[in-house]
Amino acid sequence: MTDQRKPSERADVCVVGAGPAGALVAHRLAQRGKKVVVLEAGERFDFEDRKRRMEQSIRPAHGPLSVWEMRGERDQFTSSGEWFYPLNAARVKGVGGTTLHWQGMVMRLHESDFEQWPIEYSDLRPYYAEAEQALGVAGATDNPFAPPREQPHPLPAFDPSHSDSLFAEACERLGVTMHSVPNARNSENYDDRSACVGYGTCKPVCPSGAKYTGKVHVEKAENEGARVIDQAPVQRLEHDDAGERVEAAVYATPDGEEHRQEAREFVLAAGGVEIPRLLLLSKSEAYPDGLANSSGAVGRYFMDHLFGGMGGTLDQQTRQNHVGFITSECHQFYDEPTEGATGTEGEIPAWSGDGPEPDSIKLEFLNYAGPSPVEMALSGEEFGDDLLETLREGYGNSIAMGGLVGQRPRKENRVALDPDTTDDHGNPVPKIEWHVDDRTKASLRRANEIQRAILDELGVDVSWTVGPEKTGPAFHHMGTTRMGTNPEESVVNPQLRTHDLRNLSVASSSVFVTSGALNPTLTIAALALKAADHVGERL
């Protein structure tokens, strides 16, 4: 074992996971003079290697899993339940976590989203503001449906794309309100990172560094004295004889050895799948069903957002695939998904479907519909002038809408262990048991209904639909260590500390009580800062 992976002799805090949550916790506490050690299962990727990864991502021979080395025994999983859950399709293990290839949209949950939480929007409001500053959010105050805020975003919003302007006229005629999308990517130079230069490959890789990744605050934490140990997957947590405090995180190193990192406080920030898996792997005589699991809720209430979309072609240039990220969206049907809309020349009818009423819907005006010119060129059999003519005729007139809907918490949706399949260290892999209920399907139908009205008004020849029976997750893992005031029904309290162990906290979307329908990373960041403050108070 090299010295760089030896345990620290003294640590105030051990953080498990070096994604955005773990990075923010580590930086905040290290900045306050605490001795912090971060254990990360994946490797530390070289920033200078991003252009190569971008080139790899656009070649047909390479899938999204290989761009960030997600493959092999280490990343095995299984899936059961009504629908297959493709866990590895969008996660990254490495310093920076899944923000290494995320899309970068960062919005605050609505006040209505907190109705079943033990905290209110007002409790997170100052942390949301700090998170926006930390991530460098580009946005505007043009969303009339957004919750109240105290100050503008730190960076100006990106301009609407050309296809956004096409949508705008149709939306005005139907009474649909478009507004900008807050993005965690620089619209101008910020925090020693350049403005976006338009590579357009934001997912899976931003070569310029304009898009935020957790690596930004990992490096800030290290500058404040924190230690980050990569390729150190935590195998289990060990507690004291009384079962009241965690004593050590046992981690493995590439040489095959195991080591114990002791600390006064522990923070789990490894995401909504690996956190419950680690707790379940850490069972003991005191916790036979898994560490911090006296409630039986660890791994339960797994939620995700599902995608609904529709698109086709238009008899004019739409300039898709020029941007790489979404610049306009609509929250009009978020708090009132059943309500209609009336515009200057038409309307969106109110919901009239049978069965359950839909829940919150976020609509998106996509900037990357249809094939890219690179994809067309690499997959075609033409060359020279013939290829150029095909690109001129077949590229640039695609257009589409997307959207997210959420799931309500259901006990049967969960992350469990599969003892029949093991990882590279012989541990049971995560098993996702996932079902999609009728209310979620109703929300998808309502999203498709609104999308169809807008696309018809625009004159789009609709050729594809992703809806209730043919869709997939947004890979926003939520709910598996839910927050609550009752220790018999939840895993962590409103201070993000586990009910069962006095020095174990969770900074993750796994603490979400409900899912909403908005991308969760800004809320994860806000909760991470809140968790760090509570940990700091106890030290």
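Aspartate 191 counts as partly exposed because its relative accessibility is 28% (under 20% is buried, over 50% exposed, and partly exposed lies in between, with a 1.4 Å probe and protein chains only). This is a predicted model, where local features need pLDDT of at least 70, side-chain atom pairs count only at pLDDT 80 or more, and totals for chains, interfaces and linings use all residues. Residues are numbered from 1 along each chain as its sequence is written, and side-chain values use heavy atoms, with hydrogens and water left out.

Back to aspartate 191: it has a positive phi of about 55° although it is not a glycine. You'll find aspartate 191 in the loop between strand 6 (179-180) and helix 6 (215-223); helices (H or I, at least four residues) and strands (E, at least two) are DSSP runs, numbered from the N terminus. Leucine 496 isn't a glycine either, yet has a positive phi of about 70°. Leucine 496 sits in the loop between strand 21 (461-466) and strand 22 (504-506), and with 0% relative accessibility it counts as buried.

## Proline 288

At 52% relative accessibility, proline 288 counts as exposed. Proline 288 and leucine 387 are 99 residues apart along the chain, and their C-alpha atoms are separated by 64 Å.

## Two packed helices

Helix 1 (residues 20-31) packs with helix 6 at an angle of about 25°, and their axes are 8 Å apart. So helix 1 is roughly parallel to helix 6 (angles under 35 degrees count as roughly parallel, over 145 as roughly antiparallel, 65 to 115 as roughly perpendicular and the rest as oblique). The axes are lines fitted to C-alpha atoms, for helices over the stretch in contact, and angles run from 0 to 180 degrees between N-to-C directions.

Helix 1 passes helix 6 in a left-handed crossing, meaning that the near helix is turned anticlockwise from the far one by less than a right angle; clockwise would be right-handed.

## Cavities

There are 3 cavities of 30 Å³ or more. A cavity is a set of points on a 1 Å grid over the protein atoms alone where a 1.4 Å probe fits but cannot get out, and lining residues have an atom within 4 Å of a point.

The largest cavity holds about 80 Å³ of space, the volume being what probe spheres set on the points fill, with grid points joined across faces, edges and corners. Among the residues lining the largest cavity are Arg185, Cys196, Tyr199, Cys202, Cys206 and Lys211.

Terms used:
On a 1 Å grid over the protein atoms alone, a cavity is a set of points where a 1.4 Å probe fits but cannot get out, and a pocket is an open set with protein on both sides within 12 Å along at least five of seven lines; lining residues have an atom within 4 Å of a point.
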